[in-house]
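Let us walk through this structure together, chain by chain. Keep the sequence and the 3D view open while you read.

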Amino acid sequence: MEHPVTTDLVRWIVLLPLLGAAINFLFGATLQKRFGKRVISFLGCGAVLAAFAIALYTLFAMLALAPDRRFMLDDLWRWFDVGGLKLDIAFWLDPLSIVMVLIITGVGGLIHIYSTDYMHDDASYWRFFGWLNLFTFAMLVLVLGDNLWLMFVGWEGVGLCSFALIGFWYTDLVNTNAGNKAFIVNRIGDLAFVVAIYALFAGLGAVGHPTLVIREVARYAPALAGARGYLGLPMVTFVTLMLFLGATGKSAQIPLHVWLPDAMAGPTPVSALIHAATMVTAGVYMVARLNFLYSMAPATMLVVATVGALTAFLAATVGVTQTDIKRVLAYSTISQLGYMFVGVGVGAYAAGVFHLMTHAFFKACLFLGAGSVIHALGGEQDMRKMGALRHKMPLTFVTFFAATLAICGVPPFAGFMSKDEIIWRAYAHGHFVIWALLWAGAGVTAFYMFRQVYMTFFGDFRGTPEQDHHVHEAPSAMAFVLVALAILSTVGGFAMLPGFIAPFAPFERFLDPVFNSDATRQVFASGLHDRSLETLFAGLSLLAVAAGWLLADLTYRQGVLSAARMSEFAGGVFYRLSFGKYRIDEFYRAAFLAPYLKLANAAAWFDGHIIDGVVNFAASMTVVGAWLAGLFDSYIVDGLVNFTSKATLAAGGRLRRLQTGSINGYLYGILAAVMVILLVRAIARV
Amino acid sequence: MVNGLTLNDFLILGLAVFLLGVYCVLTRRNAIGILMGIELILNAANINYIAFSFFGGGGANYDGQVFAIFVIMLAAAEAVIGLAIILAIYQNLRTIDVGAAETLSG
Amino acid sequence: MAHPLTLITFIPLIGMILILAAPAGLVRWYKWIAVASAAAQLVIAAWLYTNFNTGTVAMQFTERYSWIGAYHIYYFMGVDGISISMVLLTALICFIAVFSSFSIDRAEKGYYALLMLLDTGMMGVFVALDFFLFYIFWEVMLLPMYFLIGIWGGPRREYAAIKFFLYTLLGSVLILLAMLALYYYGAVPTFDMTQLAAHSSSYTIGFQRIVWIALFIGFAIKIPAFPFHTWLPDAHVEAPTAISVILAGVLLKMGTYGILRVNFAILPAATHELAWLLLGLIGTINIVYGAMCAMAQKDFKKLVAYSSISHMGYVMLGLASFTAAGINGAVLQMFNHGTITAMLFLLVGVIYDRTHHREIDGFGGLAQSMPIYAGITGFAFFAALGLPGLSAFISEVLVLIGAWQLHPIMTTLGAATAILTAGYLLWCFQRIYLGPLNEKYAALPDLSAREIFMLLPLAAIVIMLGVYPHAILVLLNTSLVHLNQGVLAVATGPALPLH
């Protein structure tokens with residue numbers, strides 16, 4: 001790890017999708033008008049598939065290296081260097097990120113191809129591919145960024161693309177509301193994420209290593225052991241908890257899962273790519289990437305596993321009663337993400353990442369299959385209006401069924417290999433309650449998935465005759481992608497077999513160099529390693545799956561049990577809780593959103609009336625004062641002046657009569673005056 | 001003493017001439033007459049100056065006589081300006097009755 | 001180039017004289033004289049940028065001539081890392097504001113002449129190093145602003161102009177008094193800011209506190225800091241677009257620039273003592289309170305004005321951090337806020353020119369009739385809400401990472417406001433551009449070439465500084481670290497943290 005292989009190939013994995021996005025955004029409208037949608041398809045898919053090809057090439061280049069030297073660095077330029085914080089725009093490729101890159105460009109590339117058919121009639125075709133490419137770019141930055149801030153650039157970048165694609169059909173406010181909700185809920189998580197970064201930087205600075213470059217953090221993390229953090233928690237615990245809170249936003253875990261079901265408002269390929277296969281798994285990736293920190297904080301690990309298990313179970317129970325075909329899959333995604341978090345939360349990082357990968361295969365397949373159904377029915381998403389589609393859409397049915405078997409964990413499909421490993425490791429690390437939740441969740445998963453299969457593909461068609469007439473199998477591009485993903489869902493699990501079947505786990509071995517910090521190895525070693533017990537627990541899981549499947553079969557295919565009767569159970573309390581998604585949206589609305597809006601209005605009122613009121617009051621007081629001063633001035637000060645002049649005038653008016661013009665008169669006056677003076681003097685002398 | 005005349009005699013003469021002048025100015029409406037009255041008043045003052053000069057101060061003091069010459073010069077100037085004014089009045093009003101010149105009357 | 005700072009300051013003044021001397025009614029002459037002046041300024045600013053030595057803390061390109069010898073007043077100009085970034089910003093914003101002014105349709109001669117005078121005043125404030133000269137430019141800028149709002153503004157323009165004028169005049173008086181106090185009570189009687197800074201230790205702490213607060217209030221009005229901010233929404237709402245652009249893009253920065261140039265450099269001891277409360281706490285209030293008020297606005301322009309108040313709070317918080325990261329982030333945020341808010345006001349102007357109203361709820365679905373406009377607005381909104389990869393993100397991150405060490409609670413509040421910011425901006429975007437198209441505005445023309453020409457350079461800078469902030473930070477770092485060390489060096493005890 002000291003000497004990563006430097007390369008300048010990795011940048012092209014990232015930059016090609018960016019280039020595709022840039023061309024689409026700047027010239028897409030013109031290109032589409034002039035040369036048709038095929039140019040856009042070529043650009044959009046080509047950029048991602050070329051990135052996939054480069055990624056494959058680098059994978060082989062990496063496999064040629066010794067396992068402990070499988071690290072590549074592509075350093076582009078200095079981003080900033082301020083106050084001891086030196087960060088580069090640099091991409092870091094190691095076994096973990098190459099797995100992610102292959103999922104993003106591989107599954108993503110397939111979904112791009114699928115979209116060329118699915119979105120074909122949309123006027124804003126170019127815009128769709130622009131955002132899809134930009135999303136791919138942002139997601140690649142997230143997984144390849146060599147420092148936490150660059151990772152965060154991708155982290156929010158995918159949020160932006162998610163926002164734009166959920167609200168892709170923006171003329172309907174329902175869609176844009178869902179987009180806003182997704183972005184804002186994600187920002188709540190992001191707040192915790194950035195606080196974690198600030199705290200981590202401050203903490204590392206305090207021990208003399210101010211850095212946010214992930215490989216350097218890994219090197220210096222042991223120095224943080226015992227460091228005091230905030231809120232009375234040790235530093236590592238605080239940082240990892242905050243990061244995990246960030247992950248709950250992006251990966252839709254309780255309590256920030258509320259945006260994902262609404263996000264289904266976006267076009268179905270978006271749901272498959274962003275809200276199932278890639279973006280929502282970013283939180284799991286982040287925990288796995290920072291495993292050296294998480295392994296140092298057992299308290300956080302417990303929180304991660306507990307939240308994961310609760311989410312896995314509760315989301316599954318909500319999925320049971322939903323009627324929208326995509327909404328069921330959305331809750332299923334939340335639930336499966338919970339499994340992944342349990343995996344990384346109990347220290348089974350490789351198992352968590354493995355489930356991330358297999359989930360990308362089968363959940364993308366499920367979403368795209370659902371998309372194929374929606375496409376065939378002209379936009380219908382309500383499963384109550386479907387049925388019997390297996391006859392008219394055999395290929396969609398077969399692929400959907402394969403993916404269903406995978407998600408339920410039926411051997412030997414991919415989901416069995418990955419999910420069962422997580423369930424077992426939860427028990428192996430001594431978390432019985434978590435194991436129980438996951439075990440029950442597996443049963444519920446089987447129930448709602450087969451419920452979906454039966455409602456959609458079996459029974460009688462319940463839609464309009466018109467729809468019945470128009471139903472058609474998926475077009476070629478969509479069909480190709482469905483088959484490819486179904487095959488991956490079927491055989492993808494063989495990269496890492498459960499220990500009790502065969503000691504064959506090249507996937508885990510490949511990831512080993514990433515999960516080899518002292519703390520991580522310690523956590524791993526602390527679990528039970530008992531082959532026979534593992535076999536027993538695998539049997540228990542299969543029992544739960546079988547029970548769920550059987551119940552669904554009896555209820556929705558054979559009609560032996562009545563769904564309506566079941567929903568009446570316990571006065572319908574459970575049904576209403578599940579159907580109403582535990583009323584969490586309503587709770588948030590009442591507890592946070594409404595008070596905040598009131599507060600904002602109050603602030604604006606305060607600003608306009610109190611603060612500005614004080615200002616205006618001061619101004620009007622000045623005006624009143626000026627008016628008073630004016631009165632004083634005109635009546636008192638000016639009054640005196642005017643009085644003087646008026647008095648002079650009046651006196652003059654009187655006195656002018658003395659001015660007779662007669663010289664004789666004046667002389668008489670003088671004489672008289674002299675006489676008077678003399679007289680006065682004479683009297684005075686006496 | 002000059003030929004038995006004392007200062008008082010001269011002063012009485014001065015007073016008489018002065019009073020005659022005042023009376024002339026007061027009573028005459030003819031502007032020329034008034035001018036002549038003023039001439040008398042000035043000459044009365046001259047008599048007093050010369051008398052005081054002669055009788056007062058031990059003989060070597062000619063201040064009074066100098067002043068008398070000033071007054072004569074003044075009287076000449078006054079007569080010139082006065083006659084000029086009277087001429088202007090006459091040209092405007094065709095009379096030299098001072099009662100007629102009353103445009104400045106308030 | 002000889003005397004670049006004198007040139008860059010007074011070229012607009014020459015432009016003003018030429019405009020005044022030009023024959024009446026030849027509006028095109030006024031426009032192109034103004035464009036030429038602003039372009040010349042931009043060229044000189046670019047020359048300054050390329051010739052600036054980033055390795056020294058000394059003032060550069062200095063010019064110093066005795067002016068009023070009896071009172072030790074000099075014509076003294078020079079730039080360091082702090083002011084050169086502001087000079088660049090001023091030249092850029094003025095250039096764009098001139099183009100934005102082309103929609104002015106009455107009394108153009110007076111308008112362009114006053115615009116040029118305003119330009120000189122602003123540039124002068126950033127290059128003056130003599131406090132007296134600084135104050136003169138500060139006042140020179142005030143008067144044209146008053147007339148530009150009061151004559152070419154909206155319906156309540158007189159109220160807004162007088163409010164602006166009185167508020168800033170109050171601030172000016174305090175600055176004047178503080179300036180005179182510094183002159184008379186200093187070790188050497190001088191207005192030279194570098195000299196004043198060199199002798200800062202000769203002022204007693206009690207004196208420093210009083211002068212600091214007087215200066216702070218004077219500058220805070222300009223920022224504008226809570227609770228002196230209420231002139232800003234009114235002034236913005238009434239001012240014509242170009243003036244709003246200048247007001248938000250440049251004028252607000254003078255407040256924080258003054259605090260750095262005067263309070264930090266000349267009164268370091270008082271800065272160290274008072275900054276956490278008056279800059280940190282008030283900055284945090286600005287951030288949160290501005291965002292909440294913005295949420296409740298119904299007028300598009302008022303919303304942007306309150307968002308300005310919110311974003312300027314980050315500058316104050318960064319200054320209060322006393323870390324290299326925080327203080328660099330603060331000045332970078334000044335620059336970024338200038339470019340982004342300029343974009344926002346230009347965009348508000350675009351829609352106001354077409355519809356003659358700004359009621360957020362009165363639009364709807366404009367993305368359908370004006371796709372390019374909606375696209376660029378979306379870009380500007382996301383830039384304003386600090387999307388990583390764009391410029392404001394870098395500066396906010398630096399501010400917060402710097403402030404965290406001293407003020408974790410205030411930092412958390414500041415970071416949390418990113419949620420509120422996303423809330424009001426996205427909600428506003430939705431109400432104006434998304435949803436069903438308001439039929440009244442179905443035929444609105446999209447952006448004209450001139451409008452795109454104004455917006456694109458700003459957008460390019462926003463992206464460029466997001467991926468390569470080094471371009472501006474390299475200017476700032478040396479000067480700011482030096483300034484910050486000056487403040488920290490005088491600290492006799494530890495600062496007063498809030499937690």
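**A walk through the chains**

With 499 residues, chain C would have a radius of gyration near 23 Å if it were a compact globule, and its value of 22 Å agrees with that. Here the radius of gyration is taken over C-alpha atoms, and the globule rule is 2.2 Å times the number of residues to the power 0.38. Before going on, please note that this is a predicted model, in which local features need pLDDT of at least 70, side-chain atom pairs count only at pLDDT 80 or more, and totals for chains, interfaces and linings use all residues. Residues are numbered from 1 along each chain as its sequence is written, while chains are lettered from A and ligands numbered from 1 in the order in which they are written.

Back to chain C: along the principal axes, its C-alpha atoms fill a box of roughly 70 × 60 × 40 Å. Chain C holds 19 helices and two strands; helices (H or I, at least four residues) and strands (E, at least two) are DSSP runs, numbered from the N terminus. Of its 499 residues, 63% are buried. A residue is called buried if 20 or more other C-beta atoms lie within 10 Å of its own, exposed if 12 or fewer, and partly exposed in between, with C-beta atoms placed from the backbone.

Why does Gly326(C) count as buried? Because Gly326(C) has 30 C-beta neighbours inside 10 Å. Leaving out residues up to four places away in sequence, Gly326(C) touches Gly318(C), Ser321(C), Leu398(C), Val399(C), Gly402(C) and Ala403(C); two residues are in contact if their C-beta atoms, placed from the backbone, lie within 7 Å. Gly326(C) and Ile401(C) are 75 residues apart in sequence, yet their C-alpha atoms are 6.7 Å apart in space.

Now turn to chain A, whose secondary structure comes to 28 helices and three strands. For its 686 residues the globule rule gives 26 Å, but the radius of gyration of chain A is 39 Å, well over that value, so chain A is more spread out than a compact globule. Its C-alpha trace spans about 155 × 70 × 60 Å along the principal axes. An automatic or database domain assignment divides chain A into domain 1 (1-70 + 90-146), domain 2 (147-579) and domain 3 (584-658). The C-alpha centres of domain 2 and domain 3 of chain A lie 65 Å apart.

One helix to look at in chain A is H13 (residues 298-319). Of the 22 residues of H13(A), 17 are buried, so this helix is largely enclosed by the rest of the structure.

Finally, how do the chains meet? Of the two pairs of chains in contact, chains A and C share the most contacts, whereas chain B and chain C do not touch, their nearest C-alpha atoms being 55 Å apart. Between A and C, 39 residues of chain A are in contact with 48 residues of chain C. Which element gives the most to the side of chain A that touches chain C? That is H6(A), with 13 residues. By class, this side of chain A has 27 nonpolar, seven polar and five charged residues. Ala, Val, Leu, Ile, Met, Phe, Trp, Tyr, Cys and Pro count as nonpolar, Asp, Glu, Lys and Arg as charged, and the others, Gly among them, as polar.

Methods. Expected span 1.5 Å × (residues − 1).
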